[in-house]
Amino acid sequence: MPKAKGKTRRQKFGYNVNRKRLNRNARRKAAPRIECSHIRHAWDHAKSVRQNLAEMGLAMDPNKAVPLRKRKVHAMEVDVETTKELVRKPYVLNDLEAEASLPEKKGNTLSRDLIDYVCYMVENHGEDYKAMARDEKNYYQDTPKQIRNKINVYKRFYPAEWQAFIDSLQKNKMEVQ
C-alpha cells in the first residue's frame with residue numbers, strides 16, 4: 001500500500017525545549033500517586049521508599065519490622081539485634097493514628113419512601129401484618145413477612161427515631177382515650 005503524502009517528514013530537534021524540566025515532569029508523572037494525604041505531603045522524592053517510610057515511623061517490610069522470636073537452641077541462646085531508626089516525622093504517624101481512631105461513618109441509609117411506608121403501616125395497623133398486607137398503600141403487594149422484615153430493618157437502622165415514633169403513637173392513643 002502506498003503511504004500518505006507528507007506523513008514521512010524528518011524529525012527536527014527542538015532547541016527551545018527545557019530538557020531538565022521535561023525530564024523532571026516525566027519522572028514525576030511516572031511516579032505513582034500516593035493516595036494518603038499525610039504521607040504524600042511528608043514524602044521526599046529525593047529519598048528511597050524505605051528511607052521515607054522509616055523517617056515517618058512506618059515499615060516497608062512488616063516481617064523485618066516485627067521479627068518473630070527464634071526458638072531457643074538447647075546449647076546456646078540466640079540474640080536478636082534490633083536496630084532502632086530515628087523517626088524524624090512523627091506527625092505523620094500521629095495523624096494516621098488520629099484518623100484511624102475516628103468512628104466510621106454510616107454509609108447505608110433507608111429511602112424516604114420506605115420510612116414513610118413503615119410509619120404509615122405501623123400508625124394505621126399497629127402489629128397486624130395481615131391487615132398491612134391488605135392495605136391499599138401496599139403498592140408492591142408485600143407479604144406480611146416482607147412488611148415485618150421492612151419494619152425490623154427500620155428499627156435496626158434508626159432505633160432512636162423508632163422509639164420516638166412509638167412514644168408519639170402512645171401519646172396520641174392516650175389523648176384519644
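## A buried glutamate, a helix pair and an exposed glutamine

Glu 55 has a relative accessibility of 9%, so this residue counts as buried; the cut-off for buried is under 20%. Keep in mind as you look around that this is a predicted model.

Where does Glu 55 sit? You will find Glu 55 in helix 3, which covers residues 49-56. Its side chain and that of Lys 47 are joined by a polar contact of 2.4 Å. Leaving aside residues up to four places away in sequence, Glu 55 touches Lys 47, Leu 86, Val 87, Arg 88 and Lys 89.

Now turn to Gln 141, in the loop between helix 7 (129-134) and helix 8 (144-157). Gln 141 has a phi near 50°, a positive value in a residue other than glycine. Here are the two residues together:

| Residue | Relative accessibility | Counts as |
|---|---|---|
| Glu 55 | 9% | buried |
| Gln 141 | 66% | exposed |

Next comes a pair of helices. Helix 6 (residues 112-125) packs with helix 9 (residues 159-176) at an angle of about 30°, and their axes lie 11 Å apart. Angles under 35 degrees count as roughly parallel, and helix 6 and helix 9 are therefore roughly parallel to each other. Their crossing is right-handed.

Which residues make the contact? Helix 6 contributes Val 118, Cys 119, Val 122 and Glu 123, while helix 9 brings Trp 162, Phe 165, Ile 166 and Leu 169. Sorted by class, this contact of helix 6 with helix 9 has 7 nonpolar residues, 1 charged residue and no polar ones.

Definitions and conventions: Residues are numbered from 1 along each chain as its sequence is written. This is a predicted model: local features need pLDDT of at least 70, side-chain atom pairs count only at pLDDT 80 or more; totals for chains, interfaces and linings use all residues. Side-chain values use heavy atoms; hydrogens and water are left out. Axes are lines fitted to C-alpha atoms, for helices over the stretch in contact, and angles run from 0 to 180 degrees between N-to-C directions. Helices (H or I, at least four residues) and strands (E, at least two) are DSSP runs, numbered from the N terminus. Angles under 35 degrees count as roughly parallel, over 145 as roughly antiparallel, 65 to 115 as roughly perpendicular and the rest as oblique. A crossing is left-handed if the near helix is turned anticlockwise from the far one by less than a right angle, and right-handed if clockwise. Contact means heavy atoms within 4.5 Å. Ala, Val, Leu, Ile, Met, Phe, Trp, Tyr, Cys and Pro count as nonpolar, Asp, Glu, Lys and Arg as charged, and the others, Gly among them, as polar. Buried means under 20% relative accessible area, exposed over 50%, partly exposed in between (1.4 Å probe, protein chains only). A polar contact is a pair of N or O atoms within 3.5 Å; within protein, one must be able to donate a hydrogen and the other to accept it, and residues adjacent in sequence count only if both atoms are side-chain atoms.
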